[in-house]
Amino acid sequence: MSERQGTGSVLEGLESGGIQRQIVLPWSRALQMTRENIFVRLGRSAITASGIFLGIAFLSAVLFGAAAASVKARLDLTELGLEHEAAELQARIVWLAAMSLLVATVGIVNSMLMSVTERYKEIGTMKCLGALDSFIVRLFILEAGLLGILGSIAGAIVGAGIMMLAYMGRIGARGVGESWSATALKLGGTEIPLWLSILLAIVIGGILSIAAALYPAWQAAKMPPAAALRSEF
Amino acid sequence: MSVYEYIVRTKDLSRVYTMGDTKVRALDNVALDIRRGEYVSIMGPSGSGKSTLFNMIGGLDKPTNGTVFIDEVDMAQLTASELAFLRCRKIGYIFQTFNLIPVMTALENVTLPMVFAGLTTEDAMEKGIGLLGTVGLGDRYDHKPTELSGGQQQRVATARALANDPAIILADEPTGNLDLRTGKEIINLLKQMNDEKKVTIISATHDLKMIDVSDRVVWIRDGKIERIEERKDIDIQVGQMEGEEE
């Protein structure tokens, strides 16, 4: 600009109701910033994602074990007391799955809290550049979602993969293949095949990550910039 | 909207921090008027309240009492969005610790405020390269902050502060983390912006090198303004300046 700055009121250009159009963070740019944040600090991102990775790996292993057990039972051709054992097994499976989900949640919440807190100074700086509170939340949600999905997929692959190898010896390669369509979970009468339950686990992992990041990100966005900038990280 | 003489005005400005049972008066009824295009240095020892005053004027923190007027608009009356607009378009900030985003290159740092202001990527890049050239870093646009020296980082921060052609630049101890020579470069850069672009510069500092380029110096101590001096009334001998302790 070659014209003199400082002419005109400081609030010139502030049309009422037009604020949302005046300050923008396009989703494409937000996504680019998120990718940079994740991949430039790959090590740190991996640690953040490890909580979800381990939780979903455990859950996937549990689910695979449940499906493989029913295949094994069929192969053993044992009919005596089968139904009773099956019901007991199912109850244990649901309990184990719930526990692993709880463990995953604790890990994710911790990771996301750390991830937000160690960037208070960055958040304060961005607010000084004019970022709206919603931008800060948007950036952290994107990062949490991306890390959550990637971590869940990796966890599912490793968790189920290890179990597949373990069961090779017991039920053979064909048995392992059949496990994927066998029932892993029985929830209120509905039988959920293994492949679907693992898919659900991945989706839940992503949703949990986003939910865990939401509150800390919102808190951090609301802070007065002076307080955020005072952080020592 | 008409143009006002005083771009920043504070009235009965106070900030009290409550820590347990003790109350600390960081600012005590400060009244300060700053004209458009002025270069004002707020000077005082550590704990004098100059950073608190900086935070008040920049809308980074809320006062306990009193008002800050930017172009006669009460900052407390602004919504969060309007404040963000102010910070994006009208005020540029420079900090002692540079505060660049570590995962972004120099150019990305400088163009970030432009992204918020809605500039297209090409326009932002072009303007960003131009600004980096103005501060003497045109060839380091793709360097990350870790690959730049302190002085270079502060120059990137200065370019960033100018991203959306602000009316005011607020600098909190801009030379605090820099050596003598680099500090002087930054001060000269700020003076250049003040002269060429008529940007109002408000700097909180305890660096005496600032005095020479300021139009007025506000001396602050224990949260109160001790005195305000015009540059021409301050007697500085060049010889003493060089050896001055900070």
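Q: Where is B:E173 found?
A: B:E173 sits in a loop of chain B, between strand 7 (168-172) and helix 6 (180-197). The model is predicted, and this placement is read from its coordinates.

Q: Which class does B:N99 fall into, buried or exposed?
A: B:N99 has 23 other C-beta atoms within 10 Å, so it counts as buried. This residue lies in the loop between strand 6 and helix 3 of chain B.

Q: How many helices and strands does chain A have?
A: Chain A has 8 helices and 2 strands. Starting at the N terminus, their order is α-α-α-α-α-α-β-β-α-α. Of its 233 residues, 43% count as buried. Among the chain A contacts between residues at least 6 apart in sequence, 88% join residues at least 24 apart.

Q: Which residues have the most contacts inside the largest nonpolar core?
A: In soluble globular proteins, nonpolar side chains tend to be buried together. Here the largest nonpolar core has 135 residues, and A:L63 and A:I136 have the most contacts inside it. Leaving aside residues up to four places away in sequence, A:I136 touches A:I123, A:M126, A:A131, A:A217, A:A220 and A:A221.

Q: In what order do the 4 strands of the open sheet in chain B stand?
A: The order is 2-1-4-5, with antiparallel pairing. Strand 2 (22-35) and strand 5 (73-74) of chain B are at the edges with a single partner strand each, so one side of each has no neighbour in the sheet. As for side chains, in a regular strand they alternate between the two faces of the sheet.

Q: How many bridges join strand 1 of chain B to strand 2 of chain B?
A: Strand 1 (residues 6-19) and strand 2 of chain B pair over 10 bridges, in the antiparallel sense. One of the paired positions is B:R9, whose bridge partner in strand 2 is B:D33. The two strands form a hairpin with 2 residues between them, and B:G20 in the turn has a positive phi of about 70°.

Q: What pairs with what in the rest of that sheet?
A: Strand 1 and strand 4 of chain B are antiparallel and share 5 bridges; B:V8 has B:I70 of strand 4 as its bridge partner. Strand 4 (residues 65-70) is in turn joined to strand 5 by 2 bridges, also antiparallel. In that pairing, B:F69 stands opposite B:D74.

Q: Where does B:D222 take its positive phi?
A: B:D222, with phi near 50°, is in the hairpin of strands 9 and 10 of chain B, which has 2 residues between the strands.

Q: What span should the 14 residues of helix 4 of chain B have?
A: At 1.5 Å a residue, helix 4 (residues 121-134) should span 20 Å, and its end C-alpha atoms are 20 Å apart, which agrees.

Q: Which residues of helix 4 of chain B are buried?
A: They are B:A124, B:K127, B:G128, B:L131 and B:L132. Viewed down the axis, the buried residues of helix 4 fall within an arc of 135°, so they line one face of the helix. These residues pack against helix 3 (106-116) and helix 5 (150-161) of chain B. On the other side, B:E122, B:D123 and B:G130 are exposed. After helix 4 comes B:G136, with a positive phi near 85°.

Q: Where in chain B is confidence lowest?
A: Helix 7 (residues 238-242) is lowest, at a mean pLDDT of 50, while strand 6 (residues 91-94) is highest, at 96. Chain B averages a pLDDT of 90, and 94% of its residues score at least 70. The model scores ipTM 0.89 and pTM 0.85.

Terms used
Residues are numbered from 1 along each chain as its sequence is written. Chains are lettered from A and ligands numbered from 1 in the order in which they are written. This is a predicted model: local features need pLDDT of at least 70, side-chain atom pairs count only at pLDDT 80 or more; totals for chains, interfaces and linings use all residues. Two strands pair if DSSP finds at least two bridges between them. pLDDT is the predictor's confidence in each residue, from 0 to 100. A nonpolar core is a set of buried Ala, Val, Leu, Ile, Met, Phe, Trp, Tyr and Cys residues joined through C-beta atoms within 7 Å. A residue is buried if 20 or more other C-beta atoms lie within 10 Å of its own, exposed if 12 or fewer, and partly exposed in between; C-beta atoms are placed from the backbone. Two residues are in contact if their C-beta atoms, placed from the backbone, lie within 7 Å. The expected span of a helix is 1.5 Å times one less than its number of residues. The arc is that of the directions from the helix axis to the C-beta atoms.
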